[in-house]
Amino acid sequence: MGKGRVKTIRKSSSKLRFLDIAADGFKIQVMSSFGRSGVERADFDAAYSKLKKGDIISITGLPGRTKAGEISVYATGLPQPLSPCLHVPPLELEDVEKRFQSRHVDLIVNPLNLHVLKARSFIINWMRTFFLQREFVEVSTPILAELSGGAAAKPFETASKVFGANKKMQLRIAPELWLKRLVIGGLHRVFEIGPNFRNENADATHNPEFYSCEFYEAFTDIEGLKRTTTEMLVNLFNDFETARTQQFPNIEAFSSRERTIEVRAPFREIDFIGGIEEGLNCKLPILDAPDAADQLLEILDENDIDRPVNCTLPGILDYLASELLEPECIQPTFVTNIPACLSPLSKTSRRESDGQLVAHRAELYVGGKELANLYEEENSPFEQRRKFIEQNKFRVAAALEAGEDIPIEILEEAEQVLPEMPVDESYIGALEWGLPPTGGWGMGLDRLVMLLCSVERIGDVMAFGGLRGTVLAGRGVNKHGAEEERDLDKAQEDDLD
């Protein structure tokens, strides 16, 4: 017995009907003939006259192949209605807004998008298995707390009746500080897969609510993190391609994509400072010098490069990386030795080769987009407090530079300056109990799914298309009233012509 949604109804002759029914992202043809049905002709005609595209049915039959070689089910009875569809499924649905506002219709019409969601489930479960097999402990950390913590981003704010309306609460922007508390407590291998929230603009690769995976492992360093990352992605890409052909074949194979990305060890590496120096064809100043930002701006002017909106030291370096490094990172590439001012939660040291103060940190880029962040975690409470304070000095400098004409809130809204990163005294107090040398790692799972499924919009890998889709849900393609009834009647006639 087969069960599914009717995609098409075709009348080959007065005694023969062909149906395509779909379920779980797959479609099969049903051939129903009056001779095999075992019923009176009037009952045969009545059953198919009532059937409409979109209806959910069950039908009993035997598997076989048609003369054209297509696998089909030869019905031995009439279709049994299970649930009617009261709307006419559109032939196609390509408008992005309508697709996300009526996601259920999108999945009915576009099987590729359903296969992407199945692939997402495969990827997340694969990663969970990867960590559990390596004796990591999966945990769930707070989503709602007094401080969002763990990154420099603007949080969503609310209040709780437990503490009264005057006590502000925030949705987490990252689970990092909570997970490191658990490492301090003795869980030396810990990970979490779950949602985070950042009150920022949405675009093709960003959504205010997103999924991430973070893990923390005591007594490992940046080299160990790079080895784990490489092993994980090489195995994941291989296993995904093996599963793709059977579980979500509508997703394009890696070998046939226009831009082939080869995920194999070892991954390429680019030194952050060295890469920018090569792109500019000049040496950079010592980046923790008091006048480093001014010197960098002079270099930009000398090379006829437009200045960024945020001309603080982190703002300039981030701008240079986006212009000179990221476009070079199509194949999997670790960008290493990132300047200390860009890494307030990472251990830092001054390297002997050029005297630069760099973080023990790497970023993994694939397809020109950041995929993962790797850190040796700062475990000194004194250094961590100093780095929190230093990070906020850059924000103050950006506000002073903007002056009264451009308030800091405008720069923040335009994502040209980082939001305030308060000194989290609770976390610093936890560090006083001793965080062992720890490697930390984070990856945006939505971007990983986009990469594996060759999808350009983050909304396509989310069950309901991101924030715009959920807020505007139900305003997509539904029709009501007499117009819909006329469309139903016309579609019924077209099916049987």
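Arg103 forms a salt bridge with Asp106, with 2.6 Å between the closest N and O atoms; a salt bridge is a side-chain nitrogen of Lys or Arg within 4 Å of a carboxyl oxygen of Asp or Glu. The model is predicted, and local features need pLDDT of at least 70, side-chain atom pairs count only at pLDDT 80 or more, and totals for chains, interfaces and linings use all residues. Residues are numbered from 1 along each chain as its sequence is written, and side-chain values use heavy atoms, with hydrogens and water left out. Both Arg103 and Asp106 lie in helix H4 (residues 103-109), three residues apart, about one turn of the helix. Helices (H or I, at least four residues) and strands (E, at least two) are DSSP runs, numbered from the N terminus. A search of the whole structure finds 31 salt bridges.

Helix H7 (residues 222-247) has 26 residues and spans 35 Å from first to last C-alpha, close to the 38 Å expected at 1.5 Å a residue, the expected span being 1.5 Å times one less than the number of residues. At the start of H7, a side-chain oxygen of Asp221 comes to within 3.2 Å of the backbone nitrogen of Glu223.

Two loops carry backbone features. Asn337, in the loop between strand S15 (333-336) and strand S16 (348-350), is a residue other than glycine with a positive phi, near 50°.

Notes: A polar contact is a pair of N or O atoms within 3.5 Å; within protein, one must be able to donate a hydrogen and the other to accept it, and residues adjacent in sequence count only if both atoms are side-chain atoms.
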